[in-house]
Each structure stands twice: as structure tokens, then as C-alpha cells.
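Please keep the sequence and the model at hand while reading.

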Amino acid sequence: MKKRYATQKFFYILLLIITMIVVAFVLGIIFYLVFKGARAISWNFIFKFPSNGMREGGILPAIIGTIYLMVGTIIFALPIGIFAAVYLNEYAARNKFTRIVRLSIVNMAGVPSIVYGLFGLGFFVLFLRLGKSILSGSLTLALMVLPIIITSTEEALKAVPDTLRHASLALGASKWQTVLKVVLPQALPGIITGSVIGIGRAAGETAPIIFTVAVFSTPGLPKSIFDQAMALPYHLYILATQVTNPPKDFQWGTALVLLVLVLFFSVTGSIIRVRQRLKKKETT
Amino acid sequence: MKLPYRKFKSFLITRFVFFNGIISIIVLTLILIFLVYNSFKFFAEYPFFQFLTGTRWAPTSTPEKFGLVPLLLGSTLVTVGAILIALPLGVGAAIYIGELAPRALREILKPIIEVLATIPSVVIGFIGIQLIVPLIKSSFKLPIGLTALAGSIMLAFMSLPTIISISEDAINAVPVKYRHASLALGATKWETTYKVVVPAASSGIVASIMLGLGRIVGETMTVLMLTGNSPRIVFSLLQPVRTITATIAAELGETVQGGLHFSSLFAIGLVLFLITFLINLIADRFMGRIKNN
């Protein structure tokens with residue numbers, strides 16, 4: 001018996017160590033990035049253009065480019081994602097076809113980001129002749145974050161009680177009116193969660209934008225959606241691999257700005273989600 | 001007069017919602033069509049057998065060589081390495097968080113692991129260049145540290161959030177009565193965990209590993225930055241390799257649009273798309289089994 005408990009103790013400690021390795025990795029990366037990157041962050045670094053082949057100046061155009069892409073992504077992904085979720089939860093029959101639709105959403109989420117990049121180049125840039133532009137990049141990223149928005153919205157729609165739908169329909173509202181004026185407003189927090197997490201994801205992706213929008217440097221800030229743009233993740237990639245002897249601080253600083261931007265959105269999304277769950281628990 | 005109009009309107013709305021609803025099918029179909037369309041030139045001009053069995057990827061040599069083997073081998077090597085690291089870490093952490101950790105600790109651990117999922121791959125790649133690559137170089141006394149192993153290590157960690165969260169869900173889904181029955185028969189808590197709970201959650205754990213695998217195979221920036229980008233046939237994790245994903249990312253910008261090389265990159269993109277699609281289908285099979293239980 002003693003031996004069996006000794007075995008138990010051994011494995012408990014082993015699993016604890018394994019878990020701590022994972023945790024140490026995550027916290028280690030974040031603290032190290034903050035520690036190294038903080039030294040690079042200055043007014044000039046955030047608000048100046050790069051100069052001398054990325055060795056001086058700042059990263060303003062990359063920050064602005066990424067913000068444009070985040071806005072563009074959500075403009076395209078949000079309406080389609082919301083109505084896709086409305087279809088699944090409010091309109092679709094429970095049959096084989098709907099099962100295929102769901103399966104393809106899962107598969108869409110599993111398509112590698114570089115394949116989205118290839119598709120964006122083949123379809124938006126070349127076939128639709130949108131060129132390498134903010135528009136092409138946003139559309140490509142929008143497709144990539146669609147599954148996140150659909151899943152999150154659908155989860156929120158499911159949580160809306162049927163009594164609300166019935167009350168609305170009984171008052172003579174059509175199904176569509178019920179969806180727009182009763183169901184969707186109730187599901188708003190879930191929709192916001194999905195959007196915010198989706199935006200964060202779009203901000204951090206590199207592979208889909210290399211061929212659809214991102215460039216090494218631009219003379220000024222982009223003036224229209226048909227312009228190319230710099231972007232933070234691509235800028236970091238360039239600084240880390242293509243520029244010979246860039247100042248180390250610049251690399252760490254860019255990585256930190258990107259991480260903070262992405263984490264800000266994903267943490268915000270998670271907080272809204274947790275709050276909603278707590279609220280739901282209180283009411284039920 | 002009013003009724004037919006309302007009927008027509010509701011017909012249009014239903015169509016509109018349906019069109020949005022099947023966007024996933026439309027997009028997947030379009031991706032497939034455009035990968036095939038753009039790789040058409042390659043498959044028409046380059047012998048298919050030489051593509052599948054060719055051992056050299058040298059698109060700029062004369063004559064050009066487009067052998068899939070070194071790239072597929074590179075992807076496989078990095079993936080196997082990553083899974084070997086991710087499997088014990090992921091399943092171990094999932095068991096600890098799902099079964100052993102006190103509730104308060106669990107609530108701290110879960111968000112920390114979720115944060116890992118949101119760190120951009122280019123940042124992971126950058127950290128790898130700064131920390132892991134020099135470490136590998138010095139500890140194995142290699143001329144360069146950019147190796148398959150560097151990619152494997154970082155990819156393993158990137159796949160952990162997927163593996164841990166889905167495995168943990170599966171462990172949580174195991175009915176409490178199983179545990180009670182096992183404990184009542186005199187098993188220790190650990191014996192219950194690994195002889196009853198883990199086997200009962202096995203299909204979910206397999207699904208989590210398949211999804212993690214899909215993530216690893218499709219990951220681009222990290223491998224592009226860390227694995228040395230040398231499309232040669234090697235069988236060691238301590239050698240530089242070149243994966244399918246990295247090949248596309250590294251070469252597409254430098255090709256002539258519409259040329260054979262350009263087209264060949266869509267061809268290997270098609271191969272990648274089919275591989276990940278298959279992995280996801282298998283994962284979905286195992287996920288379906290959890291829901292049925």
C-alpha cells in the first residue's frame with residue numbers, strides 16, 4: 001500500500017513540474033519581452049518613421065498599417081460572421097446539410113494561415129485585381145477570423161432564452177424583426193467578445209499579409225484602401241531576419257508593441273466573456 | 001397587396017441569411033478552386049511523378065527541380081519533433097489542471113495557458129532566434145543553431161493551448177461516478193486517474209492531439225525564422241530543414257507571377273491544404289465521439 005501512495009506522490013510531482021514548465025515558458029516570454037522591449041519604447045520610437053534602412057527612427061507606419069488592417073478586417077468579418085451565426089442558430093434545420101456547414105467552419109479554422117495568404121494572392125490580388133493593398137489584406141484576414149466570430153456569436157445566440165423569441169413573435173413581429181431587435185441585442189456581449197478576439201488575431205498574423213498587403217517600407221502613410229502598407233508583424237519579421245545588424249532594441253521594441261497590442265484585445269475579449277458567464281450563473 | 005410583399009421580403013431575407021450561413025462552404029470551395037487553378041500550369045508542365053518522388057527542390061537551377069520529398073520530409077521531421085515534446089507536456093498539464101489542481105490554482109493556470117495561444121507566431125519565432133537558437137548551437141556544439149529542433153521546440157509550445165484545453169474538457173466530461181466506483185474498489189486517486197479517467201477521456205485527448213498536429217503542420221512564420229531553410233534530405237533534428245509552409249512564404253515573393261515556380265508554390269500549398277483538411281476531419285471524428293458519450 002505504501003508503495004502505491006509513493007507512486008501517486010511521484011506522478012503528482014511530475015505532473016506539477018510539467019505544468020510549471022508550460023507556465024514558466026509563457027510568463028518567461030512575456031516578462032523577458034517586457035524587460036528587453038521597455039528600453040526601446042520612447043516617444044520617437046512610437047511616433048517616428050523609420051530611417052537609415054530601419055536602423056533609426058521609429059515604427060509609426062507599421063503601427064498605423066496594422067490598425068488599418070484591424071479595422072478593415074472587422075468591417076468585412078463582422079456582418080458576415082453575425083449572419084452566419086444567425087443562420088446556424090435561428091434558421092438552419094437540424095439535418096445533414098447543417099452538419100456539413102458546421103464541419104466546414106471547423107475546417108476553415110484549421111486552414112493554415114499561409115494557405116489563406118496564397119488564396120488572398122490568387123483571388124483578391126490577382127483574380128479580382130484588387131492589387132497588393134489594404135483592401136486585399138483586410139479581406140484575407142477577414143476570412144481567417146470568420147470562424148472565431150461565427151462560433152462566439154452562435155454561442156451567445158444559444159444563450160438567449162426562447163421565451164424572448166416567443167414573446168416577440170406573439171406580439172406580431174416577423175422572424176427577421178425578432179432576430180434584429182430582440183435576439184441580436186441580447187447577444188451583443190458575445191458578439192463583441194468574438195470581434196475583439198478576432199481583431200487581436202488579425203493584428204498578429206504575418207503569413208496571410210506577406211503577399212496581400214505588407215511591404216518593407218512606405219514613403220508615407222497609406223492614403224487609400226488600395227495602397228500597400230507596413231504592418232507590425234511583418235516589420236518584426238523583416239527586422240529579425242532580413243535587416244543586417246539592426247539595433248537590438250528596435251527588434252525587442254517592435255515585438256513588445258505587437259505583443260501588447262494583441263494581448264490588449266485578447267485579454268479584453270476574455271474579460272467580457274468571463275463576466276458574461278458569471279452573470280449567467282447568477283440569473284439561472 | 002401587403003401580404004405578397006411581406007412574403008417576398010421574408011423570402012429575400014431567408015436567402016440572404018442562408019448565403020451568409022454557408023460562407024464557410026463557399027470559402028473552402030473557393031480556396032480549393034484557386035489553389036487548383038493557380039497550380040494548373042505546374043501540373044500540366046511538370047511530370048507529376050517527378051513532383052511526388054523528386055528528391056531535390058531547386059526552382060532556380062537549370063533545369064528546375066520541383067521535388068516534394070525534401071519539403072515533405074522537413075515538415076514531417078519538425079512535426080514529429082514538436083509532437084514528441086508537446087504530447088507529454090500537453091497531456092500531463094491537462095491531467096494536472098483538470099484532475100489534480102486545486103480549484104483556485106486551476107483558475108489561474110487556465111488563463112495563463114490561453115495567453116500562450118494569442119502570442120503571434122512571429123513573436124514566438126523572434127524569441128526562438130534570440131534564446132533557443134543560441135542555446136541549441138552551444139549545447140550541441142553545432143556550427144549554426146537554426147535547426148529542425150529549434151522549430152520543433154517552439155511549435156510544441158504553440159500547440160499546447162489547443163492540446164491542453166481540449167484534453168482538459170474531455171477529462172472534465174468523464175462522469176464523476178466512474179471515479180467514485182474506482183475509488184470505492186480501493187484504487188488510489190492516481191490509479192483512478194490513469195486507469196479510469198484518462199482511458200475514458202481518450203478520444204478527446206486524441207482529438208486534441210490531432211488539432212494540435214494541424215496547428216503544427218500549418219504553422220509558417222516560426223519555422224521560417226527558426227529551421228534554417230535548407231531544402232535538403234536529412235533525418236536529424238539537429239540539421240537545418242525547409243518545411244512546405246516556409247518554402248511558400250520564402251519563395252512566393254521572388255517569383256514571376258504566372259511562371260512555373262509561382263505555380264509550383266500553389267501546388268505545394270494544395271498539398272498542405274489537403275493534409276491539414278484530412279487531419280481536421282480525423283480530429284472531428286474523435287470530437288464527435290465525445291459528444292455522443
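How many residues does the contact take from chain B, and how many from chain A? In this predicted model, the contact takes 66 residues from chain B and 66 residues from chain A.

**Contact between the chains**
- On the side of chain B that touches chain A, helix α2 of chain B (residues 23-45) supplies the largest share, with 10 residues.
- By class, this side of chain B comprises 44 nonpolar residues, together with 19 polar and three charged ones.

**Confidence of the prediction**
- For the complex, the predictor gives an ipTM of 0.93 and a pTM of 0.93.
- Chain B has a mean pLDDT of 92, and 97% of its residues reach 70 or more.

**Domains of chain A**
- Chain A is divided into domain 1, which covers residues 1-37, and domain 2, which covers residues 43-283, and the C-alpha centres of these two domains of chain A lie 33 Å apart.
- Where the two domains of chain A meet, the contact takes four residues from domain 1 and five residues from domain 2.
- The side of domain 1 of chain A that touches domain 2 of chain A consists of two nonpolar residues, one polar residue and one charged residue.

**A helix pair in chain B**
- Helix α4 of chain B (residues 69-100) and helix α7 of chain B (residues 148-172) have axes that come within 6 Å and cross at roughly 35°, and the crossing of α4(B) and α7(B) is right-handed.
- The contact of α4(B) with α7(B) has 20 nonpolar residues, alongside eight polar and two charged ones.

Definitions and conventions: Residues numbered from 1 in each chain as written. Chains lettered and ligands numbered in written order. Predicted model: local features only at pLDDT ≥ 70, side-chain atom pairs only at ≥ 80, totals over all residues. pLDDT = per-residue confidence, 0-100. Contact = placed C-beta atoms within 7 Å. Helix = DSSP H or I, 4+ residues; strand = E, 2+ residues; numbered from the N terminus. Nonpolar A, V, L, I, M, F, W, Y, C, P; charged D, E, K, R; others polar. Domains from an automatic or database assignment. Axes fitted to C-alpha atoms, helices over the stretch in contact; angles between N-to-C directions. Left-handed = near helix turned anticlockwise from the far one by under 90°.
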